[in-house]
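Work through the exercises below with the sequence and the model side by side. Each task is followed by a solution in steps.

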Amino acid sequence: CLNALRVRPMAFRFFSVKLRSQGRTCLEALQQHPDTAPFISPKLWESKRFVAQAVAVRALQALQFASAELRDDDSLVGDAIRQDAMSLQYASRRLQRSRKLVLVAVRRNPKALRCA
């Protein structure tokens, strides 16, 4: 299945529910193409461990699909913003108002100010 991802990343959406629930397979899919994120099992997006790994691969998509609870996690959101400043747009309202995180984001990409 992972070979299919290398040739056609969007084939991921046709993988079985079981495969789309396996962390390693999903991280590989996410690394291959950001548009695979919506097809990853919602249960994985509730897992801090998985989302932290996904942030290292595709921070913007990881925060976009992470659970509301994880989008309010200071550490996780901080890591995402350090990877991709525009991730700030998917942080919780509380963290979008965090002076510290906004400054980190804006230093990386001034356009991130629009997300605050």
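**Exercise 1. Aromatic pairs**

How many aromatic pairs does a search of the whole structure find?

Solution. The model is predicted, so local features need pLDDT of at least 70 and side-chain atom pairs count only at pLDDT 80 or more, while totals for chains, interfaces and linings use all residues. Residues are numbered from 1 along each chain as its sequence is written, and side-chain values use heavy atoms, with hydrogens and water left out.

Step 1. Apply the criterion: rings of Phe, Tyr and Trp (its six-membered ring) pair if their centres lie within 6.5 Å; planes under 30 degrees apart count as stacked, over 60 as edge-to-face and the rest as tilted. The search of the whole structure gives three aromatic pairs.

Step 2. Take Phe12 and Phe15: the ring centres are 5.3 Å apart and the planes stand at 55°, so this pair is tilted. Phe12 has a relative accessible area of 0% and is buried (buried means under 20% relative accessible area, exposed over 50%, partly exposed in between, with a 1.4 Å probe and protein chains only). Phe15 is also buried, at 9%.

Step 3. Take Trp45 and Phe50: their ring centres are 5.3 Å apart and the planes are at 70°, so the pair is edge-to-face. Trp45 is buried, with a relative accessible area of 4%, and Phe50 is buried with a value of 4%. Ring pairs join Trp45, Phe50 and Phe65 into a cluster.

**Exercise 2. Two packed helices**

Describe how helix H2 packs with H4.

Solution. Two packed helices are described by the angle between their axes and the distance between the axes.

Step 1. Locate helix H2 at residues 23-32 and helix H4 at 48-65. Helices (H or I, at least four residues) and strands (E, at least two) are DSSP runs, numbered from the N terminus.

Step 2. Read the geometry: H2 and H4 pack at an angle of about 10°, and their axes are 9 Å apart. Axes are lines fitted to C-alpha atoms, for helices over the stretch in contact, and angles run from 0 to 180 degrees between N-to-C directions. H2 and H4 are therefore roughly parallel to each other (angles under 35 degrees count as roughly parallel, over 145 as roughly antiparallel, 65 to 115 as roughly perpendicular and the rest as oblique).

Step 3. List the contact, meaning heavy atoms within 4.5 Å. H2 contributes Gly23, Cys26, Leu27, Leu30, Gln31 and Gln32, and H4 contributes Phe50, Gln53, Ala54, Val57, Arg58 and Gln61.

**Exercise 3. Helix H5**

Which residues of helix H5 are buried?

Solution. Step 1. H5 covers residues 74-83, and its buried residues are Leu76, Val77, Gly78, Ala80 and Ile81.

Step 1. These buried residues pack against helix H4, helix H6 (93-96) and helix H7 (99-108).

Step 2. At the start of H5, a side-chain oxygen of Asp73 comes to within 3.1 Å of the backbone nitrogen of Ser75.

Terms used. A polar contact is a pair of N or O atoms within 3.5 Å; within protein, one must be able to donate a hydrogen and the other to accept it, and residues adjacent in sequence count only if both atoms are side-chain atoms.
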